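Work through the exercises below with the sequence and the model open beside you, and try each task before you read its solution.

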Amino acid sequence: ELTAHVKAVLARAGASRSTPTERARLIGFIGSRGGMGLTTLAVNVAVGLTRGGDDVILADLTPGKGSLGLMLGFTNPTGLTTLLKKRQDEITARAVEGQLVAHGSGIRLLLSSYAPSDTHLIEATAQVEAVVRQLAGMCKVLMLDLGAGLPEAIKRVAGRCDQLVLATEPNRIVVAQTEAFLSDLEALGVGQARVDLVLMNRTRSSLQLTVGQIEQKLNRKVMGVISPAPELAYQAAEAGAPMVVLQPDSMTADQF
């Protein structure tokens with residue numbers, strides 16, 4: 001009888017925690033293509049906000065492609081994978097909280113695996129949305145690494161973000177892809193006011209497009225520019241620490 005009573009209480013508690021009141025500001029980081037340093041951008045901004053006093057969770061929503069965990073020294077990042085394999089009604093606040101990990105920089109993380117066999121889990125749209133709903137009740141600022149592209153789950157999450165940070169590069173091909181990506185976002189109802197462009201400079205070249213040329217082509221302002229810092233990026237990866245932690249007084253940290 002006691003066991004049955006405890007189970008009933010736990011079931012009621014789980015149900016009450018499964019639909020939290022959303023209070024977090026949702027900021028999504030997204031790229032028109034992969035390989036632009038989007039995760040580096042997201043984690044450094046997130047750590048910067050955390051060190052500024054904000055209550056931040058950063059979630060990597062790229063199952064099977066996760067690099068955030070490896071970047072920060074976690075060898076077996078499986079939190080999101082574990083959650084997406086559950087039924088939607090099993091994704092309670094307690095279940096999500098149990099998959100969060102803490103980093104020495106003070107930030108809380110939900111990490112994705114990097115096993116290619118997990119890539120299909122992004123198709124679990126209802127579960128992805130449930131995870132985001134739960135996370136939004138656990139912090140003041142929820143930052144989401146949405147990766148590149150717009151699968152159905154990412155479309156829905158992007159549509160709910162208060163702000164989308166869209167990464168681009170200063171070359172003709174990527175700018176053309178970014179223009180098409182912006183068009184798709186507008187078709188989803190994500191207007192210009194919610195999308196901010198960040199220019200990721202990974203190499204020094206006189207052949208790259210200027211900020212002015214990019215703004216003219218895309219008909220919108222560039223919010224920020226990240227200068228090339230290959231040595232600092234390498235050192236950060238080796239140390240398992242964000243660049244803003246490794247060199248907090250650097251120009252790169254200021255840009256983030």
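**Exercise 1: The second largest pocket**

The second largest pocket of this predicted model is lined by 16 residues, and those that lie nearest its centre are Gly34, Gly35, Leu38, Thr39 and Ser67. Find which elements give two or more residues to this lining, and state how its residues divide by class.

*Solution.* Begin with the elements: those that give two or more residues to the lining of the second largest pocket are H2 and E5. Next, sort the lining residues by class, which gives four nonpolar, eight polar and four charged residues. Finally, note the volume of this second largest pocket, which is about 260 Å³.

**Exercise 2: The largest pocket**

Determine the volume of the largest pocket, and describe which residues line it by class.

*Solution.* The volume comes out at about 360 Å³ for the largest pocket. Its lining is made up of 22 residues, and Thr40, Arg202, Ala229, Ala233 and Met243 are the ones that lie nearest its centre. Sorted by class, the lining of the largest pocket holds 15 nonpolar, six polar and one charged residues.

**Exercise 3: Strand E1 and its partners**

Strand E1 covers residues 25-31. Work out whether this strand is mostly covered or mostly open, and then identify the strands to which bridges join E1.

*Solution.* Take the covering first, counting a residue as buried when its relative accessible area is under 20%. By this cut-off six of the seven residues of E1 are buried, and the strand is therefore mostly covered. Turn next to strand E5 (residues 141-148), which runs parallel to E1 and is joined to E1 by seven bridges; here Leu26 stands opposite Leu142. Then consider strand E6 (residues 163-168), which also runs parallel to E1 and is joined to E1 by five bridges, with Leu164 in E6 as the bridge partner of Gly28.

**Exercise 4: Helix H6**

Compare the reach of helix H6 (residues 125-136) with the expected value, and find how many of its residues are buried.

*Solution.* H6 has twelve residues, and from its first C-alpha to its last it reaches 17 Å, which is close to the 16 Å expected at 1.5 Å a residue.

Methods:
Residues numbered from 1 in each chain as written. Predicted model: local features only at pLDDT ≥ 70, side-chain atom pairs only at ≥ 80, totals over all residues. Heavy atoms only, no water. Buried < 20%, exposed > 50% of the residue type's maximum accessible area, 1.4 Å probe, protein only. Helix = DSSP H or I, 4+ residues; strand = E, 2+ residues; numbered from the N terminus. Pairing = 2+ DSSP bridges. Expected span 1.5 Å × (residues − 1). 1 Å grid on protein atoms, 1.4 Å probe; cavity = no way out; pocket = protein on both sides within 12 Å on 5 of 7 lines; lining within 4 Å. Points joined across faces, edges and corners; volume = space filled by probe spheres on them. Nonpolar A, V, L, I, M, F, W, Y, C, P; charged D, E, K, R; others polar.
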